[in-house]
Amino acid sequence: MRQLLNGNEAAAHAARLARVEVLASYPITPAAPAMEKITRFIAEGNLKARFIRVESDHSALAACLGAAMAGARPFLITNSQGLAYMSEVLYHTSGLRQPVVMAVVNRALAAPHSRFPEHGDAVAQEAAGWVQLFCENNQEVLDSILQAFYLGEDEGVRLPVMVHYEGYIQSHTREVVDLPEPEAVDAFLPLVRRPVLDVDHPLAVNTVTGPGLYTEYKYNQDAALQGAGRILEEVSRAYAGLTGRDWGGPVMGYRLEDAEILLVAMGSLVSTAREAVDALREQGLKAGLLKIRLFRPFPAAAVVANLRRAKAVVALDKNIVYGVGGALARELRASLYGQAVVPVYSSILGLGGRDVGAADLIRIYGEVEEQAAGGVPPAAYQWYGRQS
């Protein structure tokens, strides 16, 4: 069934199709409409789930963690300061290996206060041990949330998953979204309960762990996260068999066959970059695009395989790691180090919701093409479009 849905509505329908059993929410802009839509599904009898009203985002995730440990399938939505406030429980959830799925409607972090999108809130939690997926449009929001449950609940993964989409650009903009039939989703995503807690057999969890075991816990957690990239490829293939839509697993290339200078992007910038690549190709330029869908674990091997023959790479970062630069550029350089000699140029752009169009990316491409041809080494990072 095809419907005109914004990103929040697509996320809500994904939760309904996944038959989530526990929701916990503290209202925050621009994520709140998604939870309102899900509670309407519950009120109208279209979803059998327990909705828990909480006093904070910290409590929302704590409630979902408890639900997961009791064997239920929980879901929640947040962004920005709410995600930052969850930070302590993010680590508990990943360390306890509970497959909580959370939609994150990316919004700039204060200060200064902002209601507009960028990826800084997601990047700030990159070390929390969660799988992190980025979506370029509302169809991918719905599809990725369904895949996130499959991925997180896989016995070889058993980790929480964040699905990122951007405030307003995606959360409040409607596109045509194809909803799979509920019976098909049930077959793709059966509920398998693996409770940790049992009221009839009480036990203690998350007890103090000494130096003799802590390293092994962390090794196993990291190994599971590293393996999630391979499992995501399997999930993507299985989902393509269900719907005909294949988002490529961890990465997806566009017009890479003979590309010399590649744009690399995440989130809504991918669609804009695809438009820019088409325009550059019409000018006879060998431009290409690599979409990073999986940010954690970072798909280094796939990145190297796709970028190793490029003359130059342009990382488009809607975030700033203060004193370092863009998180995506940092990851690309680390992945390529010792594997291939490819200069990585870095642009910081689109922060706090500033518009970025195809013309901007074509301009950046032209500047990089000129620098690469002249043998000008990349700067650590450059701020694009900064007003003086």
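Modeller: Helices are DSSP runs of H or I with at least four residues, strands are DSSP runs of E with at least two, and both are numbered from the N terminus. What you see is a predicted model, where local features need pLDDT of at least 70, side-chain atom pairs count only at pLDDT 80 or more, and totals for chains, interfaces and linings use all residues. Residues are numbered from 1 along each chain as its sequence is written, and side-chain values use heavy atoms, with hydrogens and water left out.

Biologist: Okay, then which helices each supply at least two residues of the lining of the largest pocket?

Modeller: That would be α5 (87-95) and α9 (211-243). Helix α9 gives the most, with 6 residues.

Biologist: What makes something a pocket, and what makes it a cavity?

Modeller: Picture a 1 Å grid over the protein atoms alone: a cavity is a set of points where a 1.4 Å probe fits but cannot get out, while a pocket is an open set with protein on both sides within 12 Å along at least five of seven lines. A residue is lining if it has an atom within 4 Å of a point. Grid points are joined across faces, edges and corners, and the volume is the space filled by probe spheres set on the points. For the largest pocket here, that comes to about 560 Å³. It has 21 lining residues, and the closest to its centre are Gly95, Leu96, Asn206, Tyr217 and Lys218.

Biologist: What makes a residue of that lining nonpolar, polar or charged?

Modeller: Just its type: Ala, Val, Leu, Ile, Met, Phe, Trp, Tyr, Cys and Pro are nonpolar, Asp, Glu, Lys and Arg are charged, and the others, Gly among them, are polar. Sorted like that, the largest pocket's lining has 10 nonpolar, 9 polar and 2 charged residues. The second largest pocket holds about 420 Å³. Its 17 lining residues include Leu109, Glu118, Ile320, Tyr322 and Leu351, the closest to its centre. By class, they split into 12 nonpolar, 4 polar and 1 charged.

Biologist: And how many cavities of 30 Å³ or more are there?

Modeller: The search of the whole structure turns up 2. The largest cavity takes up about 130 Å³. Of its 14 lining residues, Ala72, Pro99, Glu153, Arg158 and Val192 sit nearest the centre. Its lining has 7 nonpolar, 2 polar and 5 charged residues. The second largest cavity is about 30 Å³. Ser25, Tyr26, Pro27, Ile28, Ala31, Ala32, Met35 and Ile77 line it, and their classes are 7 nonpolar, 1 polar and no charged.

Biologist: Why does arginine 158 count as buried, and why does arginine 97 count as partly exposed?

Modeller: Buried is under 20% relative accessible area, exposed is over 50%, and partly exposed is in between (1.4 Å probe, protein chains only). Arginine 158 comes in at 11%, so it's buried. Arginine 97 is at 24%, so it's partly exposed. Both have positive phi without being glycine: about 50° for arginine 158 and near 60° for arginine 97. Arginine 158 is in the loop between α7 (138-153) and β7 (161-166), whereas arginine 97 is in the one between α5 and β5 (101-106).

Biologist: Back to α9, then. Why does serine 236 count as buried?

Modeller: Serine 236, which is in helix α9, has a relative accessibility of 2%, so it counts as buried.

Biologist: How do you know that its side chain makes a polar contact with the side chain of arginine 293?

Modeller: You need a pair of N or O atoms within 3.5 Å; within protein, one must be able to donate a hydrogen and the other to accept it, and sequence-adjacent residues count only if both atoms are side-chain atoms. The pair here is at 3.4 Å, so it's a polar contact. For plain contact (heavy atoms within 4.5 Å), serine 236 touches Gln147, Asp246, Gly248, Gly249 and Arg293, leaving aside neighbours within four places in sequence.

Biologist: What makes β10 and β11 a pair?

Modeller: Two strands pair if DSSP finds at least two bridges between them. Parallel strands β10 (261-265) and β11 (287-292) share 5 bridges, so they pair. In one of them, leucine 263 partners leucine 289 of β11. They belong to an open, mixed sheet of 6 strands, ordered β9-β11-β10-β13-β14-β15. Strands β9 (251-254) and β15 (382-383) are its edges, each pairing on one side only.
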